[in-house]
Structures are given as structure tokens and as C-alpha cells.
Amino acid sequence: HKFSPQGVSGVVVISESHLAIHTWPELGYAAVDVFTCGDRVNPWDACQHLVAKLEAAEVDAREVKRGQLKEVTAQKVS
């Protein structure tokens, strides 16, 4: 969905994964959710691709493993 005058929200859903993005260009901010199941897709590959394409100067990324909610891993992406 495109917002006027700027910004987008979008979702891509595939068999074992989804990606959702919401942007606020006027703030230089984007929020992204990359959800994967199984071990065939590496969510960090998608994260690194988005960082490069959005030319992000700062990234705050976290991995939450479902069923293991006490274990949260933060990773800096560059």
C-alpha cells in the first residue's frame, strides 16, 4: 500500500516465510519483519539485502526463535 504523499507498507508471503515492511521516508525510518520456518531460508540474508538496498546508516536487528522466547539474539548488520 502506498501512502500519500510518501511511504509504503507491504507484505510478501511465500510457503514457509513472510516479509513485512513499513516505511516513513520523512523520518528516514523503515520497520521490517522477516519470518522464516525451517532451515532452507536464512533471514539474515534478507536483512543484509535490505540494509544494502535501503542504504541504511543504522540498523537494529533481533532474532527471536519461536518456541524459545527466552533466548533473543541481537546482531549488528553492516
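This is a predicted model: local features need pLDDT of at least 70, side-chain atom pairs count only at pLDDT 80 or more; totals for chains, interfaces and linings use all residues.
Stop 1: Select β1 (9-14), β2 (residues 17-24) and β3 (29-36). Together these three strands form an open sheet, ordered β1-β2-β3, with antiparallel pairing. Which strands stand at the edges? They are β1 and β3; each has a single partner strand, so one side of each has no neighbour in the sheet. From one strand to the next, the twist averages 5°.

**Stop 2: the hairpin.** Now zoom in on β1 and β2, which a hairpin joins through two residues. Six bridges link this antiparallel pair. While you are here, colour β1 by burial: of its six residues the number buried is zero, so the strand lies largely in the open.

Stop 3: Next, select helix α1 (residues 43-54). What does α1 touch when it packs on the sheet? Its contacts are with β2 and β3, and its direction makes about 160° with that of β3.

**Stop 4: the core.** Finally, show the side chains of Trp 44, Cys 47, Val 51, Ala 61 and Val 77. These five residues make up the largest nonpolar core. Helix α1 gives the most to this core, with three residues. Centre the view on Cys 47 and look for Ala 61 and Val 77, both of which Cys 47 touches. As background, nonpolar side chains tend to be buried together in soluble globular proteins.

How values were computed:
Residues are numbered from 1 along each chain as its sequence is written. Side-chain values use heavy atoms; hydrogens and water are left out. A nonpolar core is a set of buried Ala, Val, Leu, Ile, Met, Phe, Trp, Tyr and Cys residues joined through side-chain atoms within 4.5 Å. Buried means under 20% relative accessible area, exposed over 50%, partly exposed in between (1.4 Å probe, protein chains only). Helices (H or I, at least four residues) and strands (E, at least two) are DSSP runs, numbered from the N terminus. Contact means heavy atoms within 4.5 Å. Two strands pair if DSSP finds at least two bridges between them. Axes are lines fitted to C-alpha atoms, for helices over the stretch in contact, and angles run from 0 to 180 degrees between N-to-C directions. Lists of a residue's contacts leave out its neighbours within four places in sequence.
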